[in-house]
Amino acid sequence: MTTSAETVGKKFNIDTVENAAKTPDTELPWAELGLKENEFDEVVKVLGRRPTGAELAMYSVMWSEHCSYKSSKNHLRQFGEKVTEEMKKDMLVGIGENAGVTNLGDGWAVTFKIESHNSPSFVEPYQGAATGIGGIVRDIISMGARPVAVMDPLRFGAIDHPDTARVMHGAVAGIGGYGNSLGLPNIGGEMVFDSVYQGNPLVNALAVGVMRHEDIRLANASGKGNKVVLFGARTGGDGIGGASVLASESFDDTKPSKRPAVQVGDPFAEKVLIECCLELFKGSLVEGIQDLGAAGISCATSELASNGDGGMQVELTSVLLRDPTLTPGEILMSESQERMMAVVTPENIAAFEAVMDKWAVEYSWLGEVTDTGRLIITWEGEVIVDVDPRTVAHDGPVYDRPFARPSWQDSVQADTFTGSVQDAGRPSSSGELAAAITELIASPNMCSKAWITKQYDRYVGGNTAMAFPDDAGVVRVDEETGLGVALATDANGRYTYLDPYHGAQLALAEAYRNVATSGAVPMAVSDCLNFGSPEDPDVMWQLAEAIRGLSDACMELGVPVTGGNVSLYNQTGTVPIHPSPVVAVLGKLDDVARRTPSGWKEDGQAIYLLGTTAAELDGSEWSNLRGHLGGLPPKVDLSIERQLGEILINASRDGMIDAAHDLSEGGLAAALVESSLRYGVGARIALEELVERDGVDLFTALFSESQGRAIVSVPRSEEVRFKDMCTARGFAHLRIGVVDAAGGKLEINGVDELSLDALNEAHEATLPKYFG
Amino acid sequence: MTELPLIGGAPVAVEPQLSGAKIGVVTFPGTLDDRDAARAVRMAGGTAVALWHADTHLADVDAVVIPGGFSYGDYLRAGAISRFAPLMSRIIDAANSDAKLPVLGICNGFQILTESHLLPGSMIKNDHLKFLCRDQVLRVENNTTFWTSDYEAGQEITVPLKNQDGQYIADEKTLDALEAEDRVVFRYVGWNPNGSRRDIAGISNAAGNVVGLMPHPEHAVEPGFGPESNAGTDGLGFFTSVLNKIVGGTQ
């Protein structure tokens, strides 16, 4: 029925362990595979001999930055260390597994994770972005969960650069093409344009899944005699980083050359794989399961064996191949998509096969779990890999890379926007302010993202309670009780460039605020740390500071990091991207019917501004529009964020507010416009009291990006209760206006009247103008 | 037969009067909206029965919904492979029989019905070439089919639309015939979102028991989880229509 390498016959000069022991001086292409000399020496030391070609392939991919976190590991430890007992109480599975798992109550658990697929998305935007979704979804499945939604934070180059359209069209179509075909609603994300991402766009993908507690699965191979099975798509030549080097193993030159390093996705295969896995979980037919992503079979076998209690023996010629000319090393390194590896007890083999047959999923039994403590891989019975799996999967090299505060940091921080050349002619008249607001909400980063989001299915599943453009995406988990989760992702590369420690905290603060704004209680964090080269001490300092800042802030807000991903070497030549720690926060809603949308609807409701405003324009979207980046980002006050969150959550739960929108990029001006455009309902706003109370001018009141703020609309009947709650908690609150359903405009005292039609047109026109 | 892998029980109280009516929901490999269609059936008061593409019998259902998705990946032509599924032969026979099994094809289901020749015409890629997800206004042009009797003629309803290959095409003669025979069941209102001929969003067979449309009524059955206009439940009428028809017919 199948074409395994075996049937094609032995074409390779197989480098066995026996041969390796006998030929210690054989030259191996370790440098071409990305290993450093000290790392290769370490492999030799670990094995007590030179590695075979297959072993070299495994070590080289598993010890890569991507798989081993060797540059960031020493810093990432803080996420595990700065955790209180209180933070651990709902964490069912922590960092280190495919994704963390958080207890939702009522026997429900939720798992979520964010990952990068940056480089592939630049090389081949459609497949790069598509397989980014595919990979993160498989991480979720392998925890035993049903995936229920995806999100995608995107960062592209300058909106008017000719190459941006190529990346944008491809990445958005790829995310849609893959995600839509899986039946997963896309509930939000981000979109940022900045020339720092021109040659290195950031395409991050988040997936969230839910399960019953008893369905949680872990990636480990335990129980001697249990069978190891590979199922899903066949293994092909896609995604092999070192294919050109490993081709030297081959003795014939008839094989296909220049295999793509970018994987190609098949969403149909993934959708079938999802249903098939869920049926396996339901029948308790697998003991351990692991998705195949980066480093393919190398990763799956070594991690399963390393996490288990014994060893594993597999026969590599049993792997079903798409291309029968693949060498053992290539098979081990292939990153072909839509594959899973599982451990099955002998009693469950028949039932397992029945599920595979029902879904027409191909599978092959590769071997079994042993008690030797070794990972043994054979090729037609000859041993080509004999390693301690821990040395491959977990005990890779760890580096204390040098880092230092960049020499330029002080001068950047000293260059404040106020008073700069770019600040000349700051808008002040009513006409100038109206024009400035319109310019802001039409700008690349503040304009409507509908061009993107309407290419994504947000309805499928029937559980989407809220999605873009609201502050957080909300998905129902339990149809009986209405229990659900809210998710938001945020990052501000500009803030983080100005101050990595606080910039990372600001990303968390905003995501936390967004989740609270929806009415959900923040519970857990996943982060995708996108940075430049760790070999650059400036970048390494940014990374170290961001991790320190983020871990400190997580502890202060009481939300643990349950998983994530580090993406380094994001740079063009020697120029790194802005440090971009993308932070995803997950929150819980006892009843998603209580969620708070970001726009107001009811005429006459009072509009309140929560929090205070300082003159904080450095790093702001306004300064970005004027081409300035310098100074210090807005101040972070996590106790204020926490109090604000509590107010928003209580107000939502007790029905005191009908709308809430967080203030972040673009400040109050952007928030007022967005809340008005959400349902096409305007407002009359007066900021004189705010200007007086906070000692700022009208422009600053509108465009400052001070943190810890939100606007809410309060029904008349609830106003006293709402004010009393804020007063009792000592939280700054100010009535700044009233919802005006009939006017069709946004009126702000001191600003020329803004018609909603004109604002809407300006807001919606930008992306279609550049991308069709 | 397969059990639909649901999250949660979705225990909607069935209408005692309608609950005896069983509506089958077909799952192909690659079907996406099967759980949604089953939920819509329950919301309307009926009993949803999961049908598997490889089944060779219809499990005594009173009606069938073929939901949306990308059956078999739709890498060939949407619905082109699904029409050959064993269950489809049963559905085609039952729909064409004197018993007139009510069949609703939604999105990919509509594509499967045209490929199966239960309905005329075909769907090609949207004229703007992109996947499009939006709340779409439709006009009910014919409220005498098995699936539309709970609507007023000319009623405008809002249901989600989400597809890549939604442009309905047929030759002029077929289009003229569809209009002459009152078989255009839904038209797009305000804006034609995919270039469909004569703004056609959905059609029926001559007997009115088979209806296909591109938009998704099963995503507009529950307040808060559908379109923001009206109560977001404009799609419920499809399911109550057929349930009332079935129950009325058996009483």
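Here are some notes on the predicted model above, point by point.

1. Let me start with the overall form of chain B. This chain has five helices and 11 strands, and its C-alpha atoms fill a box of roughly 45 × 40 × 35 Å along the principal axes. For 251 residues, a compact globule would have a radius of gyration near 18 Å, and the 16 Å of chain B agrees with that.

2. Of its 251 residues, 58% are buried. Among the contacts in chain B with a separation of 6 or more, 76% are between residues 24 or more positions apart.

3. In chain A, please turn to the sheet of seven strands. The sheet is open, its pairing is mixed, and the order is β23-β25-β22-β26-β24-β27-β28. At the edges stand β23 (659-662) and β28 (751-755) of chain A; each has a single partner strand, so one side of each is left without a neighbour in the sheet. On average, neighbouring strands here are turned by 20° against each other, direction ignored.

4. Strands β24 (residues 682-685) and β27 (residues 745-748) of chain A run parallel and are joined by three bridges. R684(A) has E747(A), in β27(A), as its bridge partner.

5. Next comes the interface, where 32 residues of chain A are in contact with 28 residues of chain B. On the chain A side, β4 (146-156), α10 (162-182), α12 (267-282) and β14 (464-466) each supply at least two residues. Which element gives the largest share of this side? It is α12(A), with six residues. By class, the side of chain A that touches chain B has 13 nonpolar, nine polar and 10 charged residues.

6. A few backbone details deserve a check by eye. Most residues other than glycine have a negative phi, and most peptide bonds are trans. The peptide bond from F468(A) to P469(A), however, is cis, with omega near 5°. P469(A) sits in the loop between β14 and β15 (473-476) of chain A.

7. Two residues other than glycine have a positive phi: E380(A), near 50°, and H117(B), about 65°. E380(A) lies in the loop between β12 (375-379) and β13 (382-387) of chain A, while H117(B) is in the loop between α3 (108-115) and β5 (122-124) of chain B. Are they buried or exposed? E380(A) counts as exposed because it has 12 C-beta neighbours inside 10 Å, and H117(B) is exposed too, with 11 other C-beta atoms within 10 Å.

Technical notes. Residues numbered from 1 in each chain as written. Chains lettered and ligands numbered in written order. Predicted model: local features only at pLDDT ≥ 70, side-chain atom pairs only at ≥ 80, totals over all residues. Helix = DSSP H or I, 4+ residues; strand = E, 2+ residues; numbered from the N terminus. Rg over C-alpha atoms; globule rule 2.2 N^0.38 Å. Buried ≥ 20, exposed ≤ 12 C-beta atoms within 10 Å, placed from the backbone. Contact = placed C-beta atoms within 7 Å. Pairing = 2+ DSSP bridges. Axes fitted to C-alpha atoms, helices over the stretch in contact; angles between N-to-C directions. Nonpolar A, V, L, I, M, F, W, Y, C, P; charged D, E, K, R; others polar.
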